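Subject: Structure for you to look at

Hi there,

Here is the structure I promised to pass on. Have a look at it first, and then read on for what turned up.

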Amino acid sequence: MRLGLRTLAQMDTLLVTIRIPDAQLDKMRQAFKSVHYYPDNAPIPPEALETAEMLFTSGARFASSIKSLDGLPKLKHIQMGSAGANGILGTAQMKEYLEKQRAREITLAGASGTHVLSIPNYVVAMIITLYHQLHTQIIVARVSLCGHLSASALSRLHFLLTARPRRSG
């Protein structure tokens with residue numbers, strides 16, 4: 001069974017176990033008839049577990065109140081707030097579900113593309129950092145703050161840390 005938009009539209013109850021901004025929570029409340037919000041590993045009441053059709057959780061683990069996916073009898077879909085699924089697939093709850101070959105199918109989706117804006121910025125910043133030898137400048141600054149080296153010794157240290165081998169020939 002593939003989970004399409006029509007199936008998502010038929011789901012009425014969402015259980016959220018990660019902290020999200022109020023504006024996003026309001027959007028979820030508009031999209032679902034019932035939204036149960038228990039972030040930061042807060043205890044989840046049994047009635048919320050029993051009625052949840054969709055679970056929005058982190059990609060690392062399930063909330064401690066979720067001992068087994070059997071405790072969520074109406075669950076159809078798990079949406080992770082992260083891009084990778086390795087963490088959640090390694091949990092005891094997911095391993096138990098996969099080993100028992102359940103008759104009901106629960107789909108799992110990651111948030112692919114969630115870091116599309118931050119990763120390129122990070123890469124460019126690291127390139128600039130390496131180009132300007134900021135890591136070396138930090139070491140030299142820390143040593144100079146300790147006051148153990150003279151100015152000429154600091155200059156030699158900086159030279160040794162930044163010197164590149166010369167090509168012969």
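Lys-76 has a relative accessibility of 28%, so it counts as partly exposed; bear in mind that this is a predicted model. Its salt-bridge partner is Glu-53, with N and O 3.3 Å apart. Glu-53 itself is buried, at a relative accessible area of 11%, which is under the 20% cut-off. Lys-76 sits in the loop between E3 and strand E4 (77-80) and Glu-53 in the loop between H3 and E3, so the pair ties together parts that are 23 residues apart in sequence.

The salt-bridge count comes to four, and two others are worth a look. Arg-19 and Asp-40 meet at 2.2 Å, N to O. Arg-19 belongs to the loop between E1 and H2, and Asp-40 to the loop between E2 and helix H3 (46-51), so this contact joins parts 21 residues apart in sequence. Both of these residues are exposed.

Then there is Lys-33 with Asp-12, where the closest N and O atoms are 3.8 Å apart. The loop between H2 and E2 holds Lys-33, and the loop between helix H1 (5-10) and E1 holds Asp-12, so here too parts 21 residues apart in sequence are tied together. Lys-33 is exposed at 74%, while Asp-12 is partly exposed at 28%.

Now for the strands. E1 (residues 13-16) pairs in the parallel sense with E2 (residues 34-37) over four bridges. Between them the chain passes through helix H2 (residues 22-31), giving a right-handed β-α-β crossover. Leu-14 stands opposite Val-35, and Val-16 has Tyr-37 as its bridge partner. E1 also pairs with E3 (residues 54-57), again in the parallel sense, over three bridges; there, Leu-15 is partnered by Leu-55.

Which way do the E1 side chains point? Thr-13 and Leu-15 go one way, Leu-14 and Val-16 the other, and all are buried.

Last, helix H6 (residues 118-131). Its 14 residues reach 20 Å from first C-alpha to last, close to the 20 Å expected at 1.5 Å a residue. Just after H6, Gln-133 takes a positive phi of about 55°. Ile-119 is in H6 and is partly exposed, with 47% relative accessibility. Together with Tyr-122, Val-123, Met-126 and Ile-127, Ile-119 makes a nonpolar surface patch of about 480 Å².

Best wishes

Methods
Residues numbered from 1 in each chain as written. Predicted model: local features only at pLDDT ≥ 70, side-chain atom pairs only at ≥ 80, totals over all residues. Heavy atoms only, no water. Helix = DSSP H or I, 4+ residues; strand = E, 2+ residues; numbered from the N terminus. Expected span 1.5 Å × (residues − 1). Pairing = 2+ DSSP bridges. Right-handed = clockwise from strand over helix to strand, strands pointing away. Patch = residues over 30% accessible without salt bridge, like charges linked within 9 Å, V, L, I, M, F, W, Y side chains within 5 Å. Areas by Shrake-Rupley, 256 points an atom, 1.4 Å probe, with all protein chains shown as cover. Salt bridge = Lys/Arg side-chain N within 4 Å of Asp/Glu carboxyl O. Buried < 20%, exposed > 50% of the residue type's maximum accessible area, 1.4 Å probe, protein only.
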